[in-house]
There are 2 protein chains.
Amino acid sequence: MINPLYIPEIREMLAGHDVAGLKEFCEALHPARTADFMEGLTPDEAWEVLSHTDHERRLEVFHYFDEDAQVAILEALSRADAAALVSELAHDDRVDILNEVEPDVVTEVLSLLPTEERRDILHLQSYPEGTAGAVMTTDVAKFGESMTVREALDRIQQIASELETIYYLYIVDEQDHLRGLVSARQMLSSIGKPDLHLGELMETGLVTAEVDDDQEEVAQKVARFDLAAIPVVDEERTMMGIITYDDIFDVVQEEATEDAHRSAAVQPLEETYLKTSLLTLVWKRGIWLTILFVAALLTCLALQRYEDDLQAWKWLILFVPLVISSGGNTGNQSATLVIRDLATDELGLGDWGRVAIRELVTGLLLGSFLAVCGLVAACAITPEARNAWAIWVLPSTLLAVVVCGSTVGAMLPLFFKKLGLDPALMSNPFVAVIIDVVGIMVYMNVAILLLPPV
Amino acid sequence: MINPLYIPEIREMLAGHDVAGLKEFCEALHPARTADFMEGLTPDEAWEVLSHTDHERRLEVFHYFDEDAQVAILEALSRADAAALVSELAHDDRVDILNEVEPDVVTEVLSLLPTEERRDILHLQSYPEGTAGAVMTTDVAKFGESMTVREALDRIQQIASELETIYYLYIVDEQDHLRGLVSARQMLSSIGKPDLHLGELMETGLVTAEVDDDQEEVAQKVARFDLAAIPVVDEERTMMGIITYDDIFDVVQEEATEDAHRSAAVQPLEETYLKTSLLTLVWKRGIWLTILFVAALLTCLALQRYEDDLQAWKWLILFVPLVISSGGNTGNQSATLVIRDLATDELGLGDWGRVAIRELVTGLLLGSFLAVCGLVAACAITPEARNAWAIWVLPSTLLAVVVCGSTVGAMLPLFFKKLGLDPALMSNPFVAVIIDVVGIMVYMNVAILLLPPV
């Protein structure tokens, strides 16, 4: 959300070359708030404002701009300034930003960077989206086992300002294989023992992620182990980078959003709703709507099959949407409960038996209750439902459909997971279609069974 | 998930009094893994295993047990041992655990604790569920402005092992009002300047939460500002506690789960799916199913109103479920997109105009496409739809219903938010019911308009 409150004032200060005022604006608030208040400035203006504070603060505020603004500034700067800025950014952030910058600009900027940095960027870019490698940063402090506490503290003082995090010092051997870690807390507690070797202080038995691990699994691990950062290693346990808690926040939000979108039959968006172009939105919704439309045609065919019966007992038609929606709602509930607990790892494939029994019982209880409601409703709405056997058609159907919705809704996500697919992928819409068709068939067959031929 | 792999071995070691083996089991792995491997032991066994390692490790492993196991152990211990354990636990964790322990046991344990700790527990318990106060911990390191770096480092060495976090040192005045913070990184970088006062080193302009802030807002703030911990203050800026990133992970997951449940018409569960009792599950689903059932009765009444028309043009009935589901699916998509971006703060009430226009355009495009699909489908399924005006009934209805689903689906969550309600509260089910009824009415009225009276 844009905060246009300060924009005119900032522009006035810029026009009046109010150096002191601009410096104060840059430094008085938390850098994230400064960044918020600058939303709405042009890239040139924003950069000019930031030229009034020191180097470190400039980077901090820039860090909190949203990605579009960062990209716009990078593209607006001279190539040399852009390269200088890129080389200062956190290693994971700059890759995310460069991925959105014009390719021509990227090429020029990369050519101005030292070889090592260019290689680092290209390397990080090579990890597929959604893997630990793509989320990690490579600016991490590595220390040798034989280093003493005193030496380590000296080194930290030199590099602290450049590093994204020093919650943990990672201990590696000469080939960069991860051996252990020393936490900042341990470091601070060990200041009195300057000759202690890090190797004696370090914890082993670390929790690590591999570069090609799925980011969702990594996030679950970090949350389970309450980590501030997780080291990322390759198959040989070479230390490749770290993922910090703040990136995990983003991953958790991203995955929850993806699952929510999937379960509402929207192909997950890469941007926020407002930033996604209309055509992309139409496409990502349209493909699923079309698939669901085709599937819903089955309900037409089902109804067509029973056209004569519907003619014979005209009142049946009144309750078709009710039957369908009761089954669909129950199925949707079950699917969502299972999908969410699969996503947060509270539920596994091994639990399918328990889930099935629970859903069967839940379905029977809920179905029985809705059956009673249905009995009352049918009698109230149409006199024809009050006769002999007719009175049982709607209640029996509701019971059957709710039990079916409940079990199918819970089993489908597990089945998808078993197949190695994302359980959130299509379960809810799929459940809906299946239950719709099943609902109609159950309803008509119950009617045929119970009602006298006309 | 239970890891029964090691249980027989552990029991064998316990029976054989294998002190060295049990000690190694407790200490070789990350404490969270040790905890995982112990799932399935009785509370007495678990505690006996942990008696083979030192005090600190015991607490660490206990921390990673799931809450049920923690509660069972506390209840199984002698009251004195339980009190000793409680007084060592993190201040926020112990409140969560005690909330689940038998009230009699809690009373006895509390009576054995020092007054100050008892007061702290009762105080934390008094904050309502879902507020910052209920999530925060009170074990936090507070320092004075006039303290020097050397004095602070000395103090940290004394207390480091007791504190949950020392990512930040919080600087307070004599009345405990929050004045600023010094990060662990700054501390480590300032070891060379031992006479510097913390007041000179500290950052001001902090991001804080108030005790009664909603936990979801706090989580958004922490994520936005990339914080490892956020200080919680009262109206007078008195420092009450902190919330650390690991608790924020839990909040983010919890809120995403709640929203997912709400949008599938399940009253949010307090436990995981498998841990929730069947009756609770039936109740939390049943109330919403019943509300939706009653709402769905409106579709019966709508169909009843048009009974004569449906008799006149019998083929119309075939497409009722298709019309309903097309509108419902579109509405569901829009509602979910808006709800998710409201939850992650990417969208605000001020954006309603943009959202409305986007949804109108999206609805028109999607509706037009489905209208074409509907034209083809209707002609294929029934010859009666191929005549003169009849051919336009289904396509026009689909267009109208999809546009309506799209706009209503997006606007309802915003409307709920405007009313101060949770946008996820009832939007999806509500949307479904509204669209179902509107769908039937649009369909029948289009038919009456276009078709010749029979």
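How do strand 5 and strand 6 of chain B pair, and over how many bridges? Strand 5 (residues 229-233) of chain B and strand 6 of chain B pair in the antiparallel sense over 5 bridges, where two strands count as paired if DSSP finds at least two bridges between them.

## About the model

This is a predicted model, in which local features need pLDDT of at least 70 and side-chain atom pairs count only at pLDDT 80 or more, while totals for chains, interfaces and linings use all residues. Residues are numbered from 1 along each chain as its sequence is written, and chains are lettered from A and ligands numbered from 1 in the order in which they are written.

In chain B, 3 strands form an open sheet in the order 4-5-6, with mixed pairing; strands here are DSSP runs of E with at least two residues, helices are runs of H or I with at least four residues, and both are numbered from the N terminus. Strand 4 (209-210) and strand 6 of chain B stand at the edges, each with a single partner strand, so one side of each is left without a neighbour in the sheet. Strand 4 of chain B runs parallel to strand 5 of chain B and is joined to it by 2 bridges, with Glu210(B) opposite Val233(B) in strand 5 of chain B.

Strand 6 (residues 239-244) of chain B is mostly covered, since 6 of its 6 residues are buried; a residue is buried if 20 or more other C-beta atoms lie within 10 Å of its own, exposed if 12 or fewer, and partly exposed in between, with C-beta atoms placed from the backbone. Helix 15 of chain B lies across strand 4, strand 5 and strand 6 of chain B and runs at about 135° to strand 5 of chain B, whereas helix 16 of chain B packs on the sheet by touching strand 5 and strand 6 of chain B, its direction making about 70° with that of strand 6 of chain B. These angles run from 0 to 180 degrees between N-to-C directions, and the axes are lines fitted to C-alpha atoms, for helices over the stretch in contact.

In chain A, an open sheet of 3 strands has the order 1-2-3 with mixed pairing, and its edge strands, strand 1 (142-144) and strand 3 (178-183), each pair on one side only. Neighbouring strands of this sheet are turned by 40° against each other on average, direction ignored. Strand 1 of chain A runs parallel to strand 2 (residues 168-172) of chain A, the two being joined by 3 bridges, and Gly144(A) stands opposite Val172(A) in strand 2 of chain A.

In chain B, strand 2 (residues 168-172) and strand 3 (residues 178-183) pair in the antiparallel sense over 5 bridges, and Tyr168(B) has Ser183(B) in strand 3 of chain B as its bridge partner. These two strands of chain B form a hairpin with 5 residues between them, and Asp176(B) in the turn has a positive phi of about 70°.

## Nonpolar cores

Which residues touch the most other members of the largest nonpolar core? Among its 232 residues, they are Ile243(A) and Ile243(B), a nonpolar core being a set of buried Ala, Val, Leu, Ile, Met, Phe, Trp, Tyr and Cys residues joined through C-beta atoms within 7 Å. Not counting residues up to four places away in sequence, the residues that Ile243(A) touches include Ala132(A), Val135(A), Ala209(A) and Ile248(A), contact meaning that C-beta atoms, placed from the backbone, lie within 7 Å. A second, separate core of 28 residues includes Met38(A), Phe65(A), Ala82(A) and Val95(A).

## Domains and the contact between chains

Chain A is divided into domain 1 (7-127), domain 2 (142-243) and domain 3 (278-450), with bounds that come from an automatic or database domain assignment. Taken over C-alpha atoms, the centres of domain 1 and domain 3 of chain A are separated by 53 Å.

The contact takes 92 residues from chain B and 92 residues from chain A. Several helices of chain B each supply at least two residues of the side that touches chain A, among them helix 16 (245-263) and helix 17 (278-305).

Definitions and conventions:
Contact = placed C-beta atoms within 7 Å.
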